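Reader: I would like to go through this structure with you and ask, term by term, what each description rests on.

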Amino acid sequence: MRCIQLLLLILFALLFCVACIPTQSKPEFPPADTVVPILLYHDFIQTAEQVKPGYEAYSCTRAQFEEHLRTLARDGFTFISLETLQRAMEGELLLPKNPIVITFDDGYQSQYDIAYPLLKRYRICADLFVVTDWVGKMTVDNSCFSWREARRMEQSGLVTVYSHSTRHIAYGQEDPETLLADIQQSFTVLDKNLRSVHPRFFAYPYGSQTREQVMLLQQNGIELQLYDVGTQSAGQFDAAFLRRINVSLNMGAADILAQITAQ
C-alpha cells in the first residue's frame with residue numbers, strides 16, 4: 001500500500017513540474033502605435049556646393065549623413081534591415097526598441113564611395129535598391145557602382161541589394177504584366193551577379209504604380225513593396241505598401257526626427 005501511495009506521490013510531483021514549465025509563445029508584433037521609419041537616400045555629395053541642378057530633393061552631403069547616423073544612434077534608435085522588419089511582421093521575432101531602416105535607391109557610385117564607408121565605421125546596416133541595367137554604367141547624369149562593389153558591400157554583412165527595376169521608368173503607366181516581367185528579369189540579374197538568391201523586395205521608381213500591379217506582384221512572390229513618401233506605425237504595416245521618408249539636401253537629423261514624431 002505504501003509503495004502505491006509513494007508512486008502516486010511521485011507521479012503527482014512530476015505532473016506538477018511539467019505544468020510549471022513555461023511555454024514559449026510566438027513573438028508578438030510591437031504595439032500598434034510603434035513607428036518604424038524607413039529612410040530613403042539617393043545621391044551623396046561631399047559638400048552642398050556639388051549638388052547637381054534639380055537634384056536638391058535627392059542629394060545628401062557626407063556630413064549630413066554622418067550627422068543622421070550619429071544623432072539617431074545617440075537618441076536611442078536601433079538600425080535594422082528590411083529582412084528583420086519582414087520577419088517581425090510575420091511574427092518570427094521581436095523588434096528592438098525604436099527601430100529604423102535605411103534604404104538607398106538607384107545604385108549611384110556615391111553610395112559606395114561616400115555612404116558605405118560611414119556604414120562600416122558605425123556598423124550600421126542598409127538596404128540598397130538598384131536599377132540592374134545601370135549597374136557599372138554611366139546614366140544621363142550620374143555613374144553607378146559595379147557588381148564587384150555591390151558584392152563587396154554585401155560581403156560586409158551590412159548591406160543587402162534588391163530590385164529597383166531594370167529600366168527605372170514610371171511603371172504605373174505600363175500594364176501589370178510588363179512590370180512583373182521586368183522585376184522577374186531584374187532578380188535573375190541580381191541573383192546571377194551577386195551569386196546568391198535574394199528575398200524578393202522591390203522599390204517602385206518614382207513611387208509609380210497601380211493597384212492592379214501591386215496585387216499582381218504580391219500574387220507572384222514579391223514579398224515587400226516600397227514607395228517614396230511617408231511612414232507608418234506597426235498597426236498600419238502592409239507588406240505590399242511600405243512608405244519611406246525621402247531625405248533631401250540640408251535635411252538635418254532634427255528634421256528627420258520631426259517627421260518621425262509627427263506620425
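This is a predicted model: local features need pLDDT of at least 70, side-chain atom pairs count only at pLDDT 80 or more; totals for chains, interfaces and linings use all residues.

Reader: Why is Cys 60 called buried?

Author: The relative accessible area of Cys 60 is 2%, and since buried means under 20%, Cys 60 is therefore buried.

Reader: And why is Cys 125 called buried?

Author: Cys 125 has a relative accessible area of 17%, which is also under the limit of 20%, so the term buried applies to Cys 125.

Reader: What makes strands E1 and E5 a pair?

Author: Four bridges join E1, residues 38-41, to E5, residues 99-106, and because at least two bridges are required, the two strands pair. They run parallel, with Leu 39 opposite Ile 102 in E5.

Reader: Which strand does E1 pair with over two bridges?

Author: That strand is E10, residues 245-246, which pairs with E1 in the parallel sense; Leu 39 stands opposite Ile 245 there.

Reader: Which way do the residues of E1 point?

Author: Ile 38 and Leu 40 point one way, whereas Leu 39 and Tyr 41 point the other way, and all of them are buried.

Reader: Where does pLDDT stay under 50?

Author: The mean pLDDT of the protein is 87, with 85% of residues at 70 or more, but pLDDT stays under 50 over residues 6-10, where the model has zero contacts beyond four places in sequence, and over residues 12-27, where the model has six such contacts.

Conventions:
Residues are numbered from 1 along each chain as its sequence is written. Side-chain values use heavy atoms; hydrogens and water are left out. Buried means under 20% relative accessible area, exposed over 50%, partly exposed in between (1.4 Å probe, protein chains only). pLDDT is the predictor's confidence in each residue, from 0 to 100. Contact means heavy atoms within 4.5 Å.
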